Amino acid sequence: MKGEKNLEELIKHMKPRLNNGEYVFVSLPNIDNIKREDTLFEFKETEGITIVLEKSKADALKLKYHFVASWITLQVHSALEAVGLTAKFSVELAQHNISCNVVAGYFHDHIFVDKTDGLRAVKVLEQLAD
């Protein structure tokens, strides 16, 4: 199943969805004691393994974090080789003073913004799509 590459179509059909919950980024030297089903994703860096998980799960595991985020999913199936989508929406969010952390999945782009900016970020993205 191929994703969309055309930037105009990607923007027009983003359909940002604010997912329920609060999410945190945590860096650990290893994740042997973390259940895979408790994480959204992991990324290996030289300094440690970054995991993203629900804040409540991180709290239960007594993990340290510094940023609580809302998670927005762009429901358009974007191709991994599509050009310009991240640049377009990140510039628009920045113009509204909203920081974003982007993760590309196989089918969708996922945006993590400060918890207090979740609803506002969705509105900005919806306006961009219009």
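View 1. Exposed means over 50% relative accessible area, buried under 20%, and partly exposed in between, with a 1.4 Å probe and protein chains only. The model is predicted: local features need pLDDT of at least 70, side-chain atom pairs count only at pLDDT 80 or more, and totals for chains, interfaces and linings use all residues. Residues are numbered from 1 along each chain as its sequence is written, and side-chain values use heavy atoms, without hydrogens and water. Lysine 64 lies in the loop between helix 2 (55-60) and strand 5. Helices (H or I, at least four residues) and strands (E, at least two) are DSSP runs, numbered from the N terminus. Glutamate 45 is 19 residues from lysine 64 along the chain. Their C-alpha atoms are separated by 17 Å.

View 2. Histidine 77 sits in the loop between strand 5 (68-74) and helix 3 (85-95). Which residues is histidine 77 in contact with, leaving aside its neighbours within four places in sequence? They are Met1, Lys2, Gly3, Glu4, Leu10, Tyr106, Phe107 and His108. Contact means heavy atoms within 4.5 Å.

**View 3. The largest pocket has histidine 77 in its lining.** The volume of this pocket is about 150 Å³. A pocket is an open set of points on a 1 Å grid over the protein atoms alone, where a 1.4 Å probe fits, with protein on both sides within 12 Å along at least five of seven lines. Lining residues have an atom within 4 Å of a point. The volume is the space filled by probe spheres set on the points. Met1, Lys2, Gly3 and Lys5 belong to the lining. So do His77, Ser78, Ala79, Leu80, Glu81 and Tyr106.

**View 4. The whole protein has four helices and seven strands.** Along the sequence, the pattern reads α-β-β-β-β-α-β-α-β-β-α. The radius of gyration is 15 Å, close to the 14 Å that the globule rule gives for 130 residues, so the protein is as compact as a globular protein of that length. This radius is taken over C-alpha atoms, and the rule is 2.2 Å times the number of residues to the power 0.38. Along the principal axes, the C-alpha atoms fill a box of roughly 45 × 30 × 25 Å. Of the 130 residues, 37% count as buried. Among contacts between residues at least 6 apart in sequence, 69% join residues at least 24 apart.
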